[in-house]
Amino acid sequence: MRHIFALIVVGTLGLGLFYTLSHIPFGKGLSEVSKYYVENAIDKNDPHAGATNIVTDIVVLYRGFDTLGEVTVLFLAATGLSVFFFGLKKKEYTCEPSLIVKRGTGIIFPFILLLGVYIFVHGHLTPGGGFPGGVIIATGVLLIYLCCRDYKAPHSLFKVIEGSMGTLFVIVGLIGLIVGGSFLFNFLGAGKTGELVSAGIIPILYIVIGLKVGAELSGLVKDTMEDV
Amino acid sequence: MIYYIAGGGLFLIGLYILLVNRNLIKMIIGLGFMETGVNIIIIAFGYVKGKTAPILSTKELINNRQVVDPLPQALVLTAIVIGVAVTALALSMVVSYYKKRGSLNLSKNKELKW
């Protein structure tokens, strides 16, 4: 009975979806707003521009307020998860991790951190940015938990980084509000395109986001692996 | 067009999983399927035939700007992060539900029935 009902719902929705999608042109051209973004991506006169990576340009400058909300949602999820996991006994491991895992972690962990930092520092030039970089850093923390069963992560350090980076994001936005008249205004100018120090506040904000996401997800890993 | 079919198919498979299963972990897997399907559809909206990624890394690209639509990619970047947050929170809820009830099957929860 349940299967038939589900099939009817899925079929109806599928027909509707097919009807809608068949009316959307595929692979024809850019929308009007995207044309504006692409045309103004690298231009000395426009304060919004200067990044090689147009996606980063949109995410951090045009939709910077949305990104602030996104970071807040991630923070709320991490907080909610630690609330649910508070006082919960985690699983006891019966065997030690193998020698390969232990030695390999010692060798590879600094490089994972380096890759994470590289990805969020070069967010305005290459694919990547704050969120993937932070996730890669958290992967390194998870690897440490897998190799050392009784490792205790520095909880207060994560909280300090998280809080100060969140504040710094808002402060950068407020400086833009004072200097340029709008929240997250690019007050540093475009700079020389293609260089590491360019694109105004995008690298600053992406370093802030990368550290914040890295600390947040590391705290999330800590909550799931440790007895709180 | 194949991207629309793949994305819509993933969305519908996820919805079917969500409707049929009563196991909480499987329902969250269904949610993940739906999320991925929607992301693929949104990315496919921005596809333009014969153009490259929206990263102006060469002189030729800066002059010509033959790139695909960057806006759907920016939106999906946001959606992926939110998806991770939702999945993590949902799984933590499942853990605490299991500790309380001793079962992941929603049909065994009599308090949800009327």
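This is a predicted model: local features need pLDDT of at least 70, side-chain atom pairs count only at pLDDT 80 or more; totals for chains, interfaces and linings use all residues.
Which residues does A:T56 touch, not counting residues up to four places away in sequence?

## A threonine inside chain A

A:T56 touches A:L61, A:G123, A:H124, A:G128, A:I202 and A:Y206, once residues up to four places away in sequence are set aside. You can find A:T56 in helix α3 of chain A.

Is A:T56 buried or exposed? Its relative accessible area is 2%, and buried means under 20%, so A:T56 counts as buried. Another residue to look for here is A:G129: it sits 73 residues from A:T56 along the chain, yet the C-alpha atoms of the two are separated by 7.4 Å.

## Where chain A meets chain B

Now to the interface. Here 50 residues of chain A are in contact with 44 residues of chain B. About 4,200 Å² of area is buried between the two chains, and carbon and sulfur atoms give 77% of that area. On the chain A side, A:R2, A:F26 and A:F84 lose the most area to chain B, and together they make up 16% of what that side buries.

How many salt bridges does the rule find across the interface of chain A and chain B? The number is 0. Polar contacts between the two chains come to 2 residue pairs, with both residues of each pair at pLDDT 80 or more.

## The helices on the chain A side

Several helices of chain A each supply at least two residues of the side that touches chain B: α1 (2–22), α2 (32–39), α3 (54–62), α4 (64–84) and α8 (202–225). Among these, α1(A) gives the most to that side, with 10 residues. Sorted by class, the side of chain A that touches chain B has 32 nonpolar, 11 polar and 7 charged residues.

## A helix of chain B to follow

Over in chain B, helix α2 covers residues 24–45. Its 22 residues should span 32 Å at 1.5 Å a residue, and its end C-alpha atoms are 32 Å apart, so the two values agree.

Which residues of α2(B) are buried? They are B:L24, B:M27, B:I28, B:G30, B:M34, B:G37, B:N39, B:I41 and B:A44. The buried residues of α2(B) pack against α1 (2–20) and α4 (70–101) of chain B, and also against α1 of chain A.

Key. Residues are numbered from 1 along each chain as its sequence is written. Chains are lettered from A and ligands numbered from 1 in the order in which they are written. Side-chain values use heavy atoms; hydrogens and water are left out. Contact means heavy atoms within 4.5 Å. Buried area is the accessible area (1.4 Å probe) that two parts lose on being put together, summed over both. A salt bridge is a side-chain nitrogen of Lys or Arg within 4 Å of a carboxyl oxygen of Asp or Glu. A polar contact is a pair of N or O atoms within 3.5 Å; within protein, one must be able to donate a hydrogen and the other to accept it, and residues adjacent in sequence count only if both atoms are side-chain atoms. Helices (H or I, at least four residues) and strands (E, at least two) are DSSP runs, numbered from the N terminus. Ala, Val, Leu, Ile, Met, Phe, Trp, Tyr, Cys and Pro count as nonpolar, Asp, Glu, Lys and Arg as charged, and the others, Gly among them, as polar. The expected span of a helix is 1.5 Å times one less than its number of residues. Buried means under 20% relative accessible area, exposed over 50%, partly exposed in between (1.4 Å probe, protein chains only).
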